[in-house]
Amino acid sequence: MNATPIYSKLASLGITLPPLAVPVAAYVPFVRSGNLIFLSGHLAKQDGKVWVGQLGRDVDTATGRAAARAVAIDLMGTLHAALGDLNKVSRIVKLMSLVNSAPDFTEQHLVTNGCSELLAEVFGPAIGAHARSAFGVAQNPMGACVEIDLIAEVVGD
């Protein structure tokens, strides 16, 4: 990895970025349009497998938060693969989080904090702070407890 503050921060947190995941349906992992890069939804994974469960039924908020943090790591892996260098990210613009939720679960925002807080920690508040939406959904693909997509602004090439 590059020896810059972002990569040094990842190393200090014990984070190794994963390789670009192969899509499991008819989409691409990212699309760049001008200075914006749109990342497709990333499912929470644990030990390389989809992290299955429903918040408020068989997954608690703290575990969901950990799952969202794991998604943040995968999102950064995709950004790195797309750009070759996370230092090209000038702003994390927006996240959309889909939390597989039981009907009475209302802590989607707290689950999503797992992703938001890690991005702010790695990129710093000026780049990592972002707008976001956190929705409770009846189900995610493959039963994943959390799915998150991301929009980032990047410096031009």
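This is a predicted model: local features need pLDDT of at least 70, side-chain atom pairs count only at pLDDT 80 or more; totals for chains, interfaces and linings use all residues.
On one side of helix 1, Pro5, Ala11 and Ser12 are exposed.

**Helix 1**

- Helix 1 covers residues 5-12, and its buried residues are Ile6, Tyr7 and Leu10.
- As for what the buried residues pack against, that is helix 2 (61-83) and helix 3 (108-123).
- After helix 1 comes glycine 14, with a positive phi near 75°.

**The nonpolar core**

- In soluble globular proteins, nonpolar side chains tend to be buried together.
- Here the largest nonpolar core has 39 residues.
- Leu10, Met76, Leu79, Leu86, Leu119, Phe123 and Leu150 have the most contacts inside this core.
- Two or more residues each come from helix 1, strand 2 (36-43), helix 2, strand 5 (89-100), helix 3 and strand 7 (146-154).
- Helix 2 gives the largest share of this core, 10 residues.
- Leucine 86 touches Ile6, Tyr7 and Leu10, and its other contacts include Leu17, Met76, Leu79, His80 and Phe123, leaving aside residues up to four places away in sequence.

**Threonine 78**

- Threonine 78 is part of helix 2.
- Its relative accessibility is 3%, so threonine 78 counts as buried.
- Leaving aside residues up to four places away in sequence, threonine 78 touches Leu20, Pro29, Phe30, Leu39 and His42.

**Strand pairs**

- Strand 1 (residues 30-33) and strand 2 run antiparallel and are joined by 4 bridges.
- One of the pairings puts arginine 32 with isoleucine 37, its bridge partner in strand 2.
- Strands 1 and 2 make a hairpin with 2 residues between them, and glycine 34 in the turn has a positive phi of about 65°.
- Strand 2 also pairs with strand 7: the two run antiparallel, with 6 bridges between them.
- Leucine 43 stands opposite glutamate 147, a residue of strand 7.

- Aspartate 47 is not a glycine, yet its phi is positive at about 55°.
- You'll find aspartate 47 in the loop between strand 3 (45-46) and strand 4 (49-50).
- With 76% relative accessibility, aspartate 47 counts as exposed.
- Methionine 142 is another residue other than glycine with a positive phi, near 60°.
- Look for methionine 142 in the loop between strand 6 (131-137) and strand 7.

**The largest pocket**

- Rolling a probe the size of a water molecule over the atoms shows where empty space is left.
- The largest pocket holds about 440 Å³ of space.
- It is lined by 21 residues, and Tyr27, Gly41, His42, Leu43 and Lys45 are the closest to its centre.
- Strand 2 and helix 2 each supply at least two residues of the lining.
- Strand 2 gives the largest share of that lining, 4 residues.

Definitions and conventions
Residues are numbered from 1 along each chain as its sequence is written. Side-chain values use heavy atoms; hydrogens and water are left out. Buried means under 20% relative accessible area, exposed over 50%, partly exposed in between (1.4 Å probe, protein chains only). Contact means heavy atoms within 4.5 Å. A nonpolar core is a set of buried Ala, Val, Leu, Ile, Met, Phe, Trp, Tyr and Cys residues joined through side-chain atoms within 4.5 Å. Two strands pair if DSSP finds at least two bridges between them. On a 1 Å grid over the protein atoms alone, a cavity is a set of points where a 1.4 Å probe fits but cannot get out, and a pocket is an open set with protein on both sides within 12 Å along at least five of seven lines; lining residues have an atom within 4 Å of a point. Grid points are joined across faces, edges and corners, and a volume is the space filled by probe spheres set on the points.
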